[in-house]
Amino acid sequence: MPNIIAKLTKEQRIIKVDNASLKALAPKILTKKRLKKLTCNKEDHAHIITVLVSDRKMALTEDQKLFNDLVAISGYKTIVAMNPNELNYRE
């Protein structure tokens, strides 16, 4: 994971989103209906929002519940993996 972040930082492909922006987007993305269906920890909600507002909508996680929630969210085409080899970063 650190290697991926270092590579993306070097290539200037990482977009930083501050906490205030995430909190402002939360009610628009995580509606009451979606919140009821989530199984991940409340701390992971910021990760979900970050993935959904990203250009590629890709996530690499070892958390099974976060993985399941990202795959199950309707209206967004997310690509989620638990192993870096499963993600195609060239897309």
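The model is predicted. The protein has 5 helices and 2 strands. Read from the N terminus, the order of elements is α-α-α-α-β-α-β. The radius of gyration is 13 Å, close to the 12 Å that the globule rule gives for 91 residues, so the protein is as compact as a globular protein of that length.

**Overall dimensions and packing**

- Along the principal axes, the C-alpha atoms fill a box of roughly 40 × 25 × 20 Å.
- Buried residues make up 29% of the 91 in the protein.
- Take the contacts between residues at least 6 apart in sequence: 41% of these join residues at least 24 apart.

**Surface and charge**

- The protein carries 17 positive side chains and 10 negative ones.
- The centres of these two sets of charges lie 7 Å apart.

**Thr-61, a buried loop residue**

- Thr-61 sits in the loop that runs between β1 (58-60) and α5 (64-72).
- Its relative accessibility is 10%. The cut-off for buried is under 20%, so Thr-61 counts as buried.
- The Thr-61 side chain reaches the backbone nitrogen of Asp-63, at 3.0 Å.
- Leaving aside residues up to four places away in sequence, Thr-61 touches Leu-66, Phe-67, Val-80, Ala-81 and Met-82.
- Two of these partners, Leu-66 and Phe-67, fall within the 64-72 range of α5.

**Lys-16, an exposed loop residue**

- Lys-16 belongs to the loop between α1 (2-10) and α2 (19-29).
- Relative accessibility here is 78%. Exposed means over 50%, so Lys-16 counts as exposed.
- From Lys-16 to Ala-46 the separation is 30 residues in sequence. In space, the two are 13 Å apart, C-alpha to C-alpha.
- Ala-46 falls within the 45-53 range of α4.

- Lys-57 lies in the loop between α4 (45-53) and β1.
- The range of β1 is 58-60.
- Most residues other than glycine have a negative phi.
- Lys-57 has a positive phi, near 55 degrees, and is a residue other than glycine.

Note on methods
Residues numbered from 1 in each chain as written. Predicted model: local features only at pLDDT ≥ 70, side-chain atom pairs only at ≥ 80, totals over all residues. Heavy atoms only, no water. Helix = DSSP H or I, 4+ residues; strand = E, 2+ residues; numbered from the N terminus. Rg over C-alpha atoms; globule rule 2.2 N^0.38 Å. Buried < 20%, exposed > 50% of the residue type's maximum accessible area, 1.4 Å probe, protein only. Contact = heavy atoms within 4.5 Å. Lys, Arg positive; Asp, Glu negative; His and termini not counted. Charge placed at Lys NZ, Arg CZ, Asp CG, Glu CD. Polar contact = N/O pair within 3.5 Å; in protein donor to acceptor, adjacent residues only side chain to side chain.
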